[in-house]
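Please open the model in your viewer and keep the selection tool at hand. The stops below are meant to be taken in order, each with something to select and something to look for.

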Amino acid sequence: MNLWLRNNAWRHALVIFVCLFSLFPLYLVVISSFNSTGSLRLDSFIPREFSFANYKMLFTDPTIPYMTWVKNSLIIAGATAVLSVTIGSASAFAFSRLYFKGRKTGIQLLLLVQMFPAILAISAVYVIMERVYTFAPSIGLGTQAGLLLIYLGGAMGVNIWLLKGFVDSIPKELDEAAKIDGASAVQTYWLIFMPLAAPVLAVVALLSFIGTFNEFILARLFLVDMEARTVAVGFQQFIGGPYSDNWGPFVAGSIIASVPIVAIFLSLQKYIVNGLTAGSVKG
Amino acid sequence: MTSFFTGKVSFAIKLVVVLLVSAVLLTLTQSAFAQKEYFIAGFLAITIFLLILTYLSKISIPLKFFLPGILLLVAFVLSPILYTVTMSTYNYKTGNIVSQGEAIEQVKNRGFEPDANGTSFDIKIGRYEMQEAILVSDTINKAYFISTVNNRIPLNAADLTINEYSVAESAPDFETLSDADMAKADELYSLKRFKYQDEYFIALEGFEVGVVSRQVLEFDEAKDQFKNVITGDIYVNNGRGNYAIAGSPDKYLEPGWRAPIWFENYTKLFTDKRLRGPLVSVFIWTVTFATLSVLTTFALGLILALALNKPIRGRRFYRSILILPYAMPSIMSILIWGGMFNTEFGAINNLLGTQIAWFQSALFAKFAIILVNLWLGFPYFYLISSGALQAIPSELLEAAAIDGANPRQIFRRITMPLLLQILSPLLIASFAFNFNNFNLIYLLTGGGPRAELDGELAGATDILISFTYKIAFGNSIQDLGLASAISLVIFVLVASISMYGLRKSKVLESFE
């Protein structure tokens, strides 16, 4: 018992303390969402009421087009994830497996470009898309299609870089064997590489999805219409007022929006952790 | 299956897709060209050419894999970067947004004044002989006429419908506008100058009143200057995007245009006192914030990883709870924390039994930011630290123990140095990320509280990137040129730090 105390008690004590720290806001959000007064006040640790008023308001109040926001976020983040991984994996394959002039320069350039935080070029993006709007109103400033294109471009650098790390770790023997059997590069890519990389592509797509879902500033500059907004922009504007009493529907909405993401994240955590480190630490 | 890639069917599909995409892009190219956006049109044209060349010929196999990615990168990352570089050398801000040609046009359009008596007439807007026209009623002299841009047609009062205020409602051959046309009328009529007499014309003031006016500012193209014909003032091109009176630079004509000023936006960062003060404070806080963020999140993450580096009971359970903050969409978490720090309605003051106005005091606001970032960031370092701890060969630790080292010595001399070596690139990456952690600052404190520093733009918790955002998209003056210059300075800083980190991790060597 004494030994146990010395060796393990401090571990449990510390970890439980940090667990409380990490759970506190989440617990608060859950109890607030069932509290009809609509504030993030902590009146007692034990919930006093169990009301669905906030959830109901979220789906019925015409001033909160919550479902539209969620739909927009799903479409934009989903399309960004799928398209950027599809396009990015082709480039990553070429960087990792094909030999051509300028490959090294290409990789170094990519490294530099992916370091440029998209937010720094935000005024330029804004002005350019303002100009695009003058001749193509359907993809210019203020449109979801335009925002998607910018996300795609922005995701490209990081995704190619991440995916290249994964492709490098797939044994070369496999595609060399395919080559000996007479497969072209395109065939190797579709028939050998894609099936092998599928789980990895799924993880990068998920990271890309979460990243886009959390993206706020471009979305805010771009999506002015209430109906076109994403969840992030919609909610920020919604609770932005100084004496806002909109917390009730907000916490309810953030729970609904977060639960699926948290669930997927937890179930894939092993792969995600590998993915996070693969880009920068090479084995 | 393999035949699918070589068969005629697949070629036909490919052909159709490539041609369809090209057709769409071609339409875009044409409209871009029509709008005189030559750069964009040129880029689109090259895109079409490359698409067809790459996918319908066998010129290069790697290019088939690359092209879509490269095109997206060039279009939405590289060109904005280059555009940022260009903008940073321009006087490009509110009041200096348009091109010089447009600015001259606008100065001319605005450069008129009412005549000495301030004569004005009641008018109806409409069309006459297929042209925009106004039906003018001089109610004092009971004179009526129709005026177009080039002609003035006198009317006989007997032919008109005149209301009780002596204003003509309609005239033969003059068609008043339908409601639908009225909606678009502003664009068509507001800038028109309807004929009156000599140098005087009638300018519209709303849709019911016309004011007799004359052009006052005249442009002299040869000398590149404006002259006020009444006062005789001469406004010369000051080389910085405005026509101004020589010797008194504050007297200039609106609007100006975007003009190249080379490195002035950069030198301003060091010489302009109103900018330098806030910039220095913001920079110090940015570095402090990024450093503290990395240190706190890494420290907590590492301690947890060490505590859970033994198979103690409930480890998996703890692990799932500890990474919850990381799994939550960060944007939601930040907004929730923002609510929790609310003075009256927030849980933090509830819990502590205090009445602290967290975001009104610089010190408390900074503390709140670090605390929230700790909550958001420690699970990441916990995860990668546990991974790194497992990557340290156990033989090393055992050998040290056999040599008589105590646990503390083993940790300080072996575990920690190895950990730092493995994790340093990630620590540097985290520093670079926090250096530009816009969302946290913007959504939590909005950079506030203000008035601690220069009340205009920078708040006490603004980091460089949120400060830049306010310069570019703030409420008062939006200075895109200056914002671009600061953006590039940030990029150089962050890229150097990241490059240093990558060199340490030896990523670059792998393809040298």
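Begin by selecting B:P255, which sits in the loop between strand 17 (248–252) and strand 18 (259–260) of chain B; here helices (H or I, at least four residues) and strands (E, at least two) are DSSP runs, numbered from the N terminus. The peptide bond that joins B:E254 to B:P255 is cis, with omega at about -5 degrees. This is a predicted model, in which local features need pLDDT of at least 70 and side-chain atom pairs count only at pLDDT 80 or more, while totals for chains, interfaces and linings use all residues. Residues are numbered from 1 along each chain as its sequence is written, and chains are lettered from A and ligands numbered from 1 in the order in which they are written.

Staying in chain B, move to B:E129, in the loop between strand 3 (120–128) and strand 4 (131–138) of chain B. The phi of B:E129 is near 45 degrees, a positive value in a residue other than glycine. Most residues other than glycine have a negative phi, and most peptide bonds are trans.

Along the principal axes, the C-alpha atoms of chain B fill a box of roughly 120 × 75 × 45 Å. Colour chain B by domain, using 2–87 for domain 1, 112–215 for domain 2 and 269–507 for domain 3, with bounds that come from an automatic or database domain assignment. Between the centres of domain 1 and domain 3 of chain B, taken over C-alpha atoms, there are 40 Å.

The contact between them takes eight residues from domain 1 of chain A and seven residues from domain 2 of chain A, where two residues are in contact if their C-beta atoms, placed from the backbone, lie within 7 Å.

Within chain A, select helix 7 (residues 172–180) and helix 8 (residues 185–214), whose axes come within 10 Å and cross at roughly 140 degrees. Axes are lines fitted to C-alpha atoms, for helices over the stretch in contact, and angles run from 0 to 180 degrees between N-to-C directions. That angle makes helix 7 of chain A oblique to helix 8 of chain A, since angles under 35 degrees count as roughly parallel, over 145 as roughly antiparallel, 65 to 115 as roughly perpendicular and the rest as oblique. To see where they meet, show A:L174, A:D175, A:A178 and A:K179 of helix 7 of chain A together with A:T188, A:I192 and A:F193 of helix 8 of chain A.

Finally, show both chains, where 81 residues of chain A are in contact with 85 residues of chain B. On the side of chain A that touches chain B, the largest share, 14 residues, comes from helix 1 (residues 2–33) of chain A. One place to look is helix 6 (residues 144–169) of chain A beside helix 3 (residues 61–87) of chain B, where the axes come within 8 Å and cross at roughly 120 degrees. These two helices, helix 6 of chain A and helix 3 of chain B, are therefore oblique to each other. Among the residues that make this contact are A:G153, A:G154 and A:G157 of helix 6 of chain A, and B:G69, B:L72 and B:F76 of helix 3 of chain B.
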